[in-house]
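Visitor: I would like to learn how to read the features of a two-chain model. Could you take me through this one?

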Amino acid sequence: MGLELYLDLLSQPSRAVYIFAKKNGIPFQLRALDLLKGHHLNPEFLPANSLQRVPVLKDGDFLLTESVAILIYLSIKYQTADHWYPSDLQARMRIHEYLGWHGDCIRSTFGVSLWAQVLAPLIGIQVPEEKLKRNRAAMDRALQCLEDKFLGDKAFLTGQQVTLADIMALEELMQAVAIGCDLFEGRPRLAAWRQRVEAFLGADLCRETHSVIWSIRELAANKKLPDPPPEMRSRMLLRIARIP
Amino acid sequence: MGLELYLDLLSQPCRAVYIFAKKNRIPFELRTVDLLKGQHFSDAFAQVNPLRKVPALKDGDFTLAESVAILLYLSRKYETPDHWYPQDLQARACVDEYLAWQHTALRSACTRAMWQKMMFPVYLGVLVPPETLASTLAELDKCLQLLEDKFLKDKDFLAGPHISVADLVAITELMHPVSAGCPVFKNRPKLAAWRQRVEAAIGEDLFQEAHKTILKAKDLPPADPAVKERLKPLVQVLLH
């Protein structure tokens with residue numbers, strides 16, 4: 001059994017891993033999970049001893065979680081092109097610097113809209129407007145920082161070529177874009193960056209990777225989303241409560 | 001001008017960087033940035049880190065922010081012993097995995113626990129609703145359980161048989177709620193034993209030195225009104 005990747009393309013970090021593996025022609029078995037059905041809580045769907053989250057990598061007996069760790073592992077093991085995770089020390093550290101800030105300011109900030117518009121209503125909950133207002137302000141600040149302090153006049157977030165940082169950022173922003181948030185309005189530099197990243201990855205691969213998130217609103221409207229099981233509902237309630 | 005490290009030992013990630021640099025005898029100039037006094041908002045510091053956060057590093061013309069980036073930079077540049085950040089693919093992946101998980105899980109719980117239990121009431125004179133504190137401590141508890149069950153397991157250190165940057169980052173995080181009086185290691189013999197090993201590997205003197213500031217935080221006199229006014233909006237987010 002070769003490399004296995006346990007993913008749900010509804011999830012931003014899952015998409016980052018998927019798009020990286022596919023773009024680099026890394027051979028893997030896709031183990032697709034449906035988070036809304038609570039698959040990650042079910043030992044039948046995930047390898048034993050994993051953290052009940054996606055993405056998960058299984059390479060023989062070796063298990064690895066956390067998208068950043070997985071991306072770095074894949075880039076080294078499969079010797080992907082240097083630009084993804086440069087061997088030059090300073091260039092490589094810029095990626096870690098970005099990812100540190102990303103963890104604080106991007107991760108989970110851009111997922112709130114999906115919770116508000118699709119996931120919370122799925123269990124009959126309405127996210128309070130004041131939380132949404134705070135989230136819009138947080139997204140605004142994050143995008144400003146992304147544009148000014150990271151992108152600047154460069155082609156990509158940490159240099160002149162695509163790196164792991166760009167795909168992590170893109171997939172987080174897609175979570176909001178795909179359900180109608182116009183993040184790039186009035187931000188031509190960021191919009192241009194997005195075009196460049198997607199052009200580099202290729203339209204077909206982007207379409208394939210983003211198909212789930214693009215269709216989620218329609219699926220919800222047509223009542224085609226699964227009814228989350230009770231153990232999922234309680235976790236979803238907890239997650240919603242944690243929205244600042 | 002050689003390596004400069006901009007730190008406030010009040011901050012968990014700063015302590016990890018400090019311990020790593022000192023333990024590995026990396027020569028550096030310590031530039032203290034007093035967070036409670038708002039020194040991270042100075043124009044001078046913005047030249048070093050436009051994101052206005054500590055830790056920050058300046059090595060000649062090269063500036064770098066974010067503790068994980070700084071730790072990895074120092075380990076590579078100064079060729080520290082392999083166990084800190086192993087070359088072996090899987091061993092290193094275990095360190096990367098911990099560093100990624102802790103950033104959005106344990107760090108948040110530890111920061112909020114410390115602020116809600118100690119800094120808000122004692123320093124800022126802000127009342128924290130008991131339900132909020134209870135919920136934060138419950139979350140901290142869950143993180144500690146995960147730390148034990150999914151990361152430490154039966155190993156001596158988080159990523160294997162030897163200490164790595166993962167352990168430095170973890171121990172400095174846990175000292176945050178410890179400094180506020182949270183019984184982090186009580187009823188957790190496995191974690192307590194790991195703590196002893198980490199402290200022994202770091203060295204008692206260095207460990208105490210790095211934690212002097214945070215352990216004295218509970219004795220801070222209440223902030224004066226001007227400081228309170230300035231800090232309150234910045235730390236609002238820690239009240240959830």
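Visitor: How many salt bridges are there between chain A and chain B?

Guide: A salt bridge is a side-chain nitrogen of Lys or Arg within 4 Å of a carboxyl oxygen of Asp or Glu. Between chain A and chain B the count is 2. A:Asp104 and B:Lys53 pair in this way, at 3.0 Å from N to O. A word on the basis: this is a predicted model, where local features need pLDDT of at least 70 and side-chain atom pairs count only at pLDDT 80 or more, while totals for chains, interfaces and linings use all residues. Residues are numbered from 1 along each chain as its sequence is written, chains are lettered from A and ligands numbered from 1 in the order in which they are written, and side-chain values use heavy atoms, leaving out hydrogens and water.

Visitor: Which elements give two or more residues to the side of chain A that touches chain B?

Guide: Helices (H or I, at least four residues) and strands (E, at least two) are DSSP runs, numbered from the N terminus. Here they are strand E4 (62–65), helix H2 (67–77), helix H3 (89–105) and helix H5 (129–151) of chain A. H3(A) gives the most, with 11 residues.

Visitor: How much area do chain A and chain B bury between them?

Guide: Buried area is the accessible area (1.4 Å probe) that two parts lose on being put together, summed over both. For this pair of chains it is about 2,900 Å², with 64% on carbon and sulfur atoms. On the chain A side, A:Leu51, A:Leu89 and A:Met93 lose the most area to chain B, together 18% of what that side buries.

Visitor: Which residues have the most contacts inside the largest nonpolar core?

Guide: In soluble globular proteins, nonpolar side chains tend to be buried together. A nonpolar core is a set of buried Ala, Val, Leu, Ile, Met, Phe, Trp, Tyr and Cys residues joined through side-chain atoms within 4.5 Å. The largest has 133 residues, and A:Tyr98, A:Leu183, A:Trp193, B:Leu74, B:Leu174 and B:Trp194 have the most contacts inside it. Helix H6 (residues 164–177) of chain A gives the most to this core, with 10 residues.

Visitor: Why does B:Leu144 count as buried?

Guide: Buried means under 20% relative accessible area, exposed over 50%, and partly exposed in between (1.4 Å probe, protein chains only). B:Leu144 counts as buried because its relative accessibility is 2%. B:Leu144 lies in helix H6 (residues 130–152) of chain B. Contact means heavy atoms within 4.5 Å; leaving aside neighbours within four places in sequence, B:Leu144 is in contact with B:Leu174, B:Val184, B:Arg188 and B:Leu191.
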